[in-house]
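Colleague: I am new to this structure. Please show me how to read it, one feature at a time.

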Amino acid sequence: MTDDHPSTALAADLLDALAGRQRTLAVAESLTGGLVAATLVDVPGASRVLRGAVVAYATELKHQLLDVDAGLLAAHGPVHPDVAAQMARGVRRRLGADVGLATTGVAGPDPQDGQVPGTVFVAVSTEAGERVQELAIEGERAEVRAVSRDAVLALGLAVARE
């Protein structure tokens, strides 16, 4: 671990857990805009586990790059638990990883598609299936993004340790 920041420690723990099981990781991000991948890459040796990341900020890219169902996106918009699950599965498959993480939500300050700022879904995907967590985060844009990052890393770690 390179520093004492809790997010870096969480990322290091996730990478260690996956490395110990010889599993690889891929990340799909929307509202976090690369924050998850950057935190993982801050850990020395991350390349043993991290295959890559996709920042699919625009809704259509979630379909084009991550195989999220276009009908789902049209019906519910990008801030939906099934979108998070499909993003995690899509990045795992597209990048050839054992585990996929995903973030989607509204960082603020304005609502998006009827969702209030702080509405976030994080997901993890493995061959066994997907797990999604819904978050309602209070705070400014930077805090929503940071809490989302930490939540997806924690969810990934919980699954990695199972």
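**Reading the fold**

Modeller: Start with a right-handed β-α-β unit, made by β1, helix α2 (residues 35–41) and β2. Right-handed means that, with the strands pointing away from the viewer, the path from the first strand over the helix to the second runs clockwise. Helices (H or I, at least four residues) and strands (E, at least two) are DSSP runs, numbered from the N terminus. This is a predicted model: local features need pLDDT of at least 70, side-chain atom pairs count only at pLDDT 80 or more, and totals for chains, interfaces and linings use all residues. Residues are numbered from 1 along each chain as its sequence is written, and side-chain values use heavy atoms, leaving out hydrogens and water.

Colleague: How many bridges join strand β1 to strand β2?

Modeller: Two strands pair if DSSP finds at least two bridges between them. Here 5 bridges link β1 (residues 25–29) and β2 (residues 50–55), and the strands run parallel. E29 stands opposite V55 in β2.

Colleague: How do I read helix α1?

Modeller: An α-helix has 3.6 residues a turn, so residues three or four places apart point the same way. Helix α1 (residues 6–20) has 15 residues. From first C-alpha to last it reaches 21 Å, close to the 21 Å expected at 1.5 Å a residue. The expected span is 1.5 Å times one less than the number of residues. After α1 comes Q22, with a positive phi near 55°.

Colleague: Which elements do the buried residues of α1 pack against?

Modeller: Buried means under 20% relative accessible area, exposed over 50%, partly exposed in between (1.4 Å probe, protein chains only). The buried residues of α1 include L10, L14 and L18. The packing partners are β1, α2, β3 (99–105) and α6 (141–160). Contact means heavy atoms within 4.5 Å.

Colleague: What about salt bridges?

Modeller: Side chains of opposite charge can pair when their charged atoms come close. The cut-off is a side-chain nitrogen of Lys or Arg within 4 Å of a carboxyl oxygen of Asp or Glu. The structure holds 5 salt bridges. In one of them, R48 meets D16, with the closest N and O atoms 3.6 Å apart. R48 lies in the loop between α2 and β2 and D16 in helix α1, so the pair ties together parts 32 residues apart in sequence.

Colleague: Is R48 buried or exposed?

Modeller: R48 counts as exposed, at 53% relative accessibility. D16 is partly exposed, at 46%.
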